[in-house]
Amino acid sequence: MMEKENHKVIERVVSLRALQMSISFPCQICVVGFLCGVCLTSLFLAALTSLGTFQFGGISFSSFSTAISPGNSTSHVIDMIASEGGSPKPRKVGRDEISQGNGACCDAQKVSLLYSAWSALALLNESGGGEDGIGIDPLQNDFRLSRSIVVPKAPHLENCKLKVLENEQLDKRRANESSPPWTIWKGSLGLYPAASVDQMRDFRLQDITEGEGAYPPWIVGSDEENYPLTRKVQRDIWLQQHPENCHDPQVKFLVGDWERLPGFGIGAQVAGMCGLLGIAINEKRVLVTGYYNRADHDGCKGSSRSSWSCYFFPETSQECRDRASQLMGQQEAWEKGTIRAKDNYTSKEIWAGRTPRKWGSPWSYLQPTTEINGTFIAFHRKMDRRWWRAQAVRYLMRFQTEYTCGLMNAARHAAFGRESAKMVLASFDGEWPPKVDSGGRRQQQKQHVPELEKYVWSDHKPWIPRPLLSMHVRMGDKACEMKVVGFEEYMNLAGRIRNRFPHLKSIWLSTEMQEVIDRRKLYPYWDFYFTDVKRQDKGNITMAIYEASLGRKTSTNYPLVNFLMATEADFFIGALGSTWCFLIDGMRNTGGKVMSGYLSVNKDRFW
């Protein structure tokens, strides 16, 4: 009891003394000064925060634009400003304190920094710039794109320059060799010098002459995962389109421009060229395509302008193209039938002509994988056309050009870039961005590319979130050609797939209608991805008018991106009454996707 009373007495004395000091004038001056200092400091910090997260040299990282223009290939330097840890440091903060108190903020800023670095790669149509990749210059506290510090590789981007160089070697005959440089090995693995050059040459020649072993490298999946005879058909088409000697008098040609009548969409143009390729196969001619109006824009440079070769590898060699051009000026060549033009054939022959029978009738034993209203489409009147168009469109689109590869890089980056950055940073072995050492330099270890990664893993396709469902919702003026259904029916089919594959949550949505994009919000349990392009507010205008409003470049590029994304997706929902969906189905059935099936909201109008 005495101790408690003594303690209370001491408290009263201390409190009284404190009260006396507080009412003294000098103490009041000190308190007022302290409070003013606190207010001024708070105002200063608030001003800094309102100006942005951090700002040096007039460039604000928080306002960095990540918009991507697929057609832009400028190589200007993009500055990305950040301090160590990704945020301003008015005081020194320990690493543990940062991770506990501000970890979410800093992780988000690292993701933004990495995404921004990759944005430059997408703009430059590159994915790594060689062994070390594109890096960052250690300029005090800022990061500048350069070759000094390595940026982690972007799994969703492809090295377009390297990929095109590899495919160019696979798409031409080697000097003094009758066989193409194909092997039984996939991708870069065939380039590893395990066998002698003579052994490899003899092996390729044996494969081509005996019809076994090496097949076109653009076909993926097993034979059971593709339409019947796909590998053999693709090889035979390539060999006919690439004769050993284009100047041989026995080599004949068929020359034709792409359709350009008003109202002809890309799907109709490709379908028409598939018909011409069928005629060329039947008549043992080399098909040479001419003017392609959709490539007549500034994005297609040099000789690729106004040509199919702006987007995909040409259908034949440059030697044969030159030879055909030479023969077109010779009256004797026309009279002998050495060269013929599209005008020599009727529309019926082009659009509904005889399907090549060179390989028999493999369509007669197609197993059904397409379902409409819960029922298989086991047989219809155009089985042969469906099989042949699938083979023809696969050949015409066998290899992407650097321009198309860049478009796909930009599209994947805009859609999946931030997810990819989070994934890479979560698994990154080490500190990124690298820390500054005592000399003001960024700590960075030089990367070495192991042979397994160089020759085996390098052929893996760019990352996309899987499983991915591609959905093409065709409405608008298509109602005059086929039965048009609402977005809800498409989503009902998506739900059916999800019931079987519950881990499916991502949809790549392709449509020309803004209404469809808006209605996606009614399905919050799905992750939707789509291209950022102006769409139709109402469906009462024709597709030709809509495409004209976008301009030729945009109206060609964005549909092709959607098309190729659909061919890579794990599942597809569309309308077989649409030629576009018909061709997507063909590409999937010659691209290892047969066993994925096809859910359609309607059937082709000619069946």
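Contact here means heavy atoms within 4.5 Å. Helices (H or I, at least four residues) and strands (E, at least two) are DSSP runs, numbered from the N terminus. The model is predicted, so local features need pLDDT of at least 70, side-chain atom pairs count only at pLDDT 80 or more, and totals for chains, interfaces and linings use all residues. Residues are numbered from 1 along each chain as its sequence is written, and side-chain values use heavy atoms, with hydrogens and water left out.

First, the whole chain. The protein chain has 19 helices and 15 strands. Of its 607 residues, 46% are buried, meaning under 20% relative accessible area; exposed means over 50%, and partly exposed is in between (1.4 Å probe, protein chains only). Take the contacts between residues at least 6 apart in sequence: 73% of them join residues at least 24 apart.

Next, helix α7, residues 230-241. Its 12 residues should span 16 Å at 1.5 Å a residue, and the end C-alpha atoms are 16 Å apart, which agrees. The expected span is 1.5 Å times one less than the number of residues. In α7, 10 of the 12 residues are buried, among them R231, R235 and D236.

What does α7 meet in α12? T230, V233, Q234, I237, W238 and Q241 of α7 meet W387, W388, Q391, R394 and Y395 of α12.

Two packed helices are described by the angle between their axes and the distance between the axes. The axes of α7 and α12 (residues 383-396) come within 10 Å and cross at roughly 55°. Axes are lines fitted to C-alpha atoms, for helices over the stretch in contact, and angles run from 0 to 180 degrees between N-to-C directions. The two helices are therefore oblique to each other: under 35 degrees counts as roughly parallel, over 145 as roughly antiparallel, 65 to 115 as roughly perpendicular and the rest as oblique.

Last, helix α15. Its buried residues are F487, Y490, M491, L493, A494 and I497. Seen down the axis of α15, these fall within an arc of 155°, so they line one face of the helix; the arc is that of the directions from the helix axis to the C-beta atoms. The face turned away from the buried side carries the exposed residues N492, N499 and R500. Cover for the buried residues of α15 includes β11 and α16.
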